[in-house]
Amino acid sequence: MVGDKARREMNAFQRNESKETLFTFISAGDDPPKGDFAVQKKSPKLCGSNYPLSIAFIVVNEFCERFSYYGMRAVLTLYFLSFFHWDENLSTAVYHAFSALCYFTPVIGAIMADSWLGKYKTIIYLSIVYVVGHLIKSVGAIPSLGNQVVHVILSMVGLFLIALGTGGIKPCVSAFGGDQFEEEHTSERSKFFSIFYLSINAGSLISTFVTPVLRGDVKCFGEDCYALAFGVPAALMVLALVVFIAGSGLYRKTPPQGNVLLEVCKCIGFAIKNRLKNRSRQIPKREHWLDWASEKYSKQLIGEVKMVTRVLFLFIPLPMFWALFDQQGSRWTLQATKMNADFGIYVLQPDQMQFLNPLLILVFIPIFDLGLYPLINMCKFNFTPIRKMATGMILAGMAFGLAAVVELKINETDMPQLVPEESLIRVLNLAKNPVQVTIQDRDLFQQPVEAFQNPAEYSKLILNGEQQSLHFTLQHQGLSLAFNYTVKEKSVYSLIVFEAEGSLSSRLITDLEAKPENGLAAVRFINGLSQDVNLSIDSKRFIAVQKNYSASEYSLLERDKYNNGKCITEMGEFTLELGLLDFGASYTIVITNVSGGDVKTWKSEDIKANNVHMAWQLPQYLLISAGEVMFSITGLAFSYSQSPASMKSVLQAGWLLTVAVGNTLVLVVAQAAPMAQWAEFVLFTVLLFAVCIIFSVMGYFYVSVDPEDLEEKEEKRETSSRGNMISLVTQKTKL
């Protein structure tokens, strides 16, 4: 059972924490401040309260920085997919490599702040690096600037600098805000962290909704405006830096006093090294392996490190949760591109669905703290932190199970996956009467194809090699006509049958092999007139189609109703109405004749539109957000309550590293074991459930402690055993 003191500390911490860790790094040394640091400087107060005026600059800085980071990351996966034309696996892998780096670099920032520069200078210098990274990233998204290699190099350099900047300042900003308060103003400091956390979620919520709009609804250079979508977050980061520097004269700045994380690593390293050098059986064993560091480090430090390692051992299974959680910005976003995003009054961009997570977190925290948890306590159920975290894992696993079900429904409208020596074919009868089509040695199209009949599903053609010349026979009004066409493997075809100059003829044209990406619609035209036509779908697209049933290339369009197009012929200009071109569909539009002021057309849907609505992702977002509240907030609070005051920053660093490792796991799976997307979702579900069982077993044997009680016991044990220690024979080990 967690002691009363630990429980109170955990509850207070839980109200202020989420996936964004609020670091309060505690220095390892106890020496008084040195150098020119205005530690005792009293900042002007806000409106006569006990809140320093300086915190206003810090909160605004945090809002702008979080807007900058989450806004840029929201569109990152689609940037790789659409701008670089990478496949889904590579886009996912690079996205998670960047995310992992963002959670490895906080350790670097903490060491810089506590051992070298201090928090203020670390924030300034790394924010400059952050801004430079954003600017390089934005420039790299300008299509006219260089070739593909230049864009990739600029983007990767920009992302590296952004990861260094955002991760480096993460452990410093919140702690620097806490430094602004005087010791007696603890309640004000606690409320500050609540406001600070609110600014984080506000920046995340607004940016994940706004930047996808800048990307998709604004067009520049003739395509999605990624330069603007990255440029606005860059401008917000510049503003964050300017605001932070503007408050420079008001800050209380503490000096660097050494980093406790380094001390812990040195202590563990020395213990291992000393134990390996003293393996003689004549040397008595020690109760704990860390006791082998007692020749160099204090009993207090060793005791505190023991407490930390107990909790860090529990962290081992945790990366699997983050492996699932952070796929909201990669796999779930890619899933949304294959869904129907029309909500009636508003059409969502696929990367906008990510805004649900910060929104639901803000809703769930008060519901859980004020409603669910008290209700469970009233039922006399001992809902311990370990059980809450395990429940969070189960909810995340269920979310991915739902994602797998949704993916299977999406796949129903996909084109079949072709294998070698296999192709697909269908018939479009544009003649006036039924036509019977026969293909050499194949039993296809047994019934005559009616004139302008909506085509049936594609039929499968089995070839005897990479390509094969096939003999086609057409029977029409008692006449039989023969044609030969070469068919290639892993291709999709339409056989167009039409009447030209009083006789029956045909053409074999190539169709799309897969759905258009990113929810776009594909459309091509067949000109059934006896004269060439020029078509304009909108003010920017012009298509020329030759006469006598020639076919144009496919054009990719945003999902919309296109009823104001133009068709220009020798006889004049006519209105072209295409109707709705839906998400993910492919269309063939045949121009049949011109009468009055309109062009008569016939529209065929080659590939079905996305028929699974994006709202079906809502249950999985609900589950994984609820899982985050139970897992992340509870886990941070629990580990915080189980560590001594001087070691809290070490556990926070360990917590962030679990996020980094989780993202690395996704990277490995995406590259090393590519599989069908629904199968990958099932794999992650099974893995998380297995890890949940392991974590629950580990938690069952874990005994919660009050760090102060453990320290007292350690001191008593050391006092009683101090006289029994014998000198060690060390092998050139400096003690």
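## Thr 685

Thr 685 is buried, at 9% relative accessible area. Buried means under 20% relative accessible area, exposed means over 50%, and partly exposed falls in between, with a 1.4 Å probe and protein chains only. Thr 685 sits in helix 18, residues 677-701. Helices are DSSP runs of H or I with at least four residues, strands are runs of E with at least two, and both are numbered from the N terminus. Leaving out residues up to four places away in sequence, Thr 685 touches Gly 397, Phe 400 and Gly 401. Contact here means heavy atoms within 4.5 Å.

## Basis of the model

This is a predicted model: local features need pLDDT of at least 70, side-chain atom pairs count only at pLDDT 80 or more, and totals for chains, interfaces and linings use all residues. Residues are numbered from 1 along each chain as its sequence is written, and side-chain values use heavy atoms, with hydrogens and water left out.

## Chain totals

The chain has 19 helices and 20 strands. Of its 735 residues, 55% are buried. Among contacts with a separation of 6 or more, 73% join residues 24 or more positions apart.

The chain exposes about 32200 Å², and carbon and sulfur atoms supply 60% of that area. Accessible areas come from the Shrake-Rupley method with a 1.4 Å probe; for residues, only the protein chains shown count as cover.

## Nonpolar cores

A nonpolar core is a set of buried Ala, Val, Leu, Ile, Met, Phe, Trp, Tyr and Cys residues joined through side-chain atoms within 4.5 Å. The largest one has 142 residues. Leu 76, Tyr 79, Phe 80, Phe 98 and Met 393 have the most contacts inside it. Helix 15 (residues 385-411) gives the most to this core, with 12 residues. A second, separate core holds 23 residues, including Tyr 562 and Val 599.

Leu 76 touches Tyr 95, Phe 98, Lys 137, Leu 159 and Phe 230, not counting residues up to four places away in sequence.

## Strand 8 and its partners

Strand 8 spans residues 492-500, and seven of its nine residues are buried. Strand 3 (residues 422-429) pairs with strand 8 in the parallel sense over six bridges. Two strands pair if DSSP finds at least two bridges between them. Leu 424 stands opposite Val 492 in strand 8.

Strand 9 (residues 503-510) runs antiparallel to strand 8, joined by eight bridges. Tyr 493 stands opposite Thr 510 in strand 9. The hairpin of strand 8 and strand 9 has two residues between the strands, and Glu 501 takes a positive phi near 55° there.
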